[in-house]
Amino acid sequence: MMLALEANNVIALRLMKLMRGGRAAKREAHLMVSEKIAAAVEASASLATGASGHDVVRRYRQHVAANAKRLGKPKSNRGRVKRARRRRK
């Protein structure tokens, strides 16, 4: 149940990032797909080596928490300011 609630929050954060478009959205889309593939492989390997369903869900929750932390960070404008200054010169 908690995994579903936490994943829903990450989905909302990802959708907001994807709706903004640009390079960041493209990177996020690629990262999202690669993370899902890696998580599925990890879960399959865990189950094949005898892990319980509880262990797999706990690990998924760790991945979801890391994504929530990364996506929830406020975006810095430092890179944009530097690029804008370079263009003016």
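Which residues of α3 are buried? The points below take up this question together with the rest of the chain.

1. Basis of the model. The structure is a predicted model, in which local features need pLDDT of at least 70 and side-chain atom pairs count only at pLDDT 80 or more, while totals for chains, interfaces and linings use all residues. Residues are numbered from 1 along each chain as its sequence is written, and side-chain values use heavy atoms, with hydrogens and water left out.

2. Overall architecture. The chain contains 4 helices and 0 strands, and its elements follow the order α-α-α-α from the N terminus. Helices (H or I, at least four residues) and strands (E, at least two) are DSSP runs, numbered from the N terminus. Of the 89 residues in the chain, 12% are buried. Buried stands for under 20% relative accessible area, exposed for over 50%, and partly exposed for values in between (1.4 Å probe, protein chains only). Among contacts (heavy atoms within 4.5 Å) between residues at least 6 apart in sequence, 58% join residues at least 24 apart.

3. Helix α3, buried side. The buried residues of α3 are V56, V64, N67 and L71. Viewed down the helix axis, these residues fall within an arc of 70°, so they line one face of α3; the arc is that of the directions from the helix axis to the C-beta atoms. They pack against α1 (2-20) and α2 (22-48).

4. The exposed residues H54 and K69 are carried on the face of α3 turned away from its buried side. The helix covers residues 53-72, and at 1.5 Å a residue its 20 residues should span 28 Å; the end C-alpha atoms are 28 Å apart, which agrees. The expected span of a helix is 1.5 Å times one less than its number of residues.

5. Residue A68. This residue lies in helix α3 and is partly exposed, with a relative accessible area of 22%. Leaving aside neighbours within four places in sequence, A68 is in contact with N9, V10 and L13. A68 and N9 are 59 residues apart along the chain, and their C-alpha atoms are separated by 7.4 Å.

6. Helix α1. In α1 the buried residues are V10, L13 and R14. Down the axis of α1 they fall within an arc of 100°, so they line one face of the helix. Their cover includes α2 and α3. On the face turned away from the buried side, α1 carries the exposed residues A4, L5, N8 and M19. The helix has 19 residues and reaches 28 Å from its first C-alpha to its last, close to the 27 Å expected. Just after α1, G21 takes a positive phi of about 75°.

7. Helix α2. With 27 residues, α2 reaches 40 Å from its first C-alpha to its last, close to the 39 Å expected. A25, E28, A39 and A43 are buried in this helix, and the buried residues of α2 pack against α1 and α3.

8. Cavity. On a 1 Å grid over the protein atoms alone, a cavity is a set of points where a 1.4 Å probe fits but cannot get out, and a pocket is an open set with protein on both sides within 12 Å along at least five of seven lines; lining residues have an atom within 4 Å of a point. Grid points are joined across faces, edges and corners, and a volume is the space filled by probe spheres set on the points. The count comes to 1 cavity of 30 Å³ or more, and the largest cavity holds about 40 Å³. Its lining consists of A39, E42, A43, S46, V56, R59, Y60 and H63, with at least two residues supplied by each of α2 and α3. By class, this lining has 4 nonpolar, 2 polar and 2 charged residues. Ala, Val, Leu, Ile, Met, Phe, Trp, Tyr, Cys and Pro count as nonpolar, Asp, Glu, Lys and Arg as charged, and the others, Gly among them, as polar.

9. Second largest pocket. About 370 Å³ of space lies in this pocket. Of its 17 lining residues, R14, E35, K36, V64 and N67 are the closest to its centre. Helices α1, α2 and α3 each supply at least two lining residues, and the largest share, 7 residues, comes from α1. The lining has 12 nonpolar, 2 polar and 3 charged residues.
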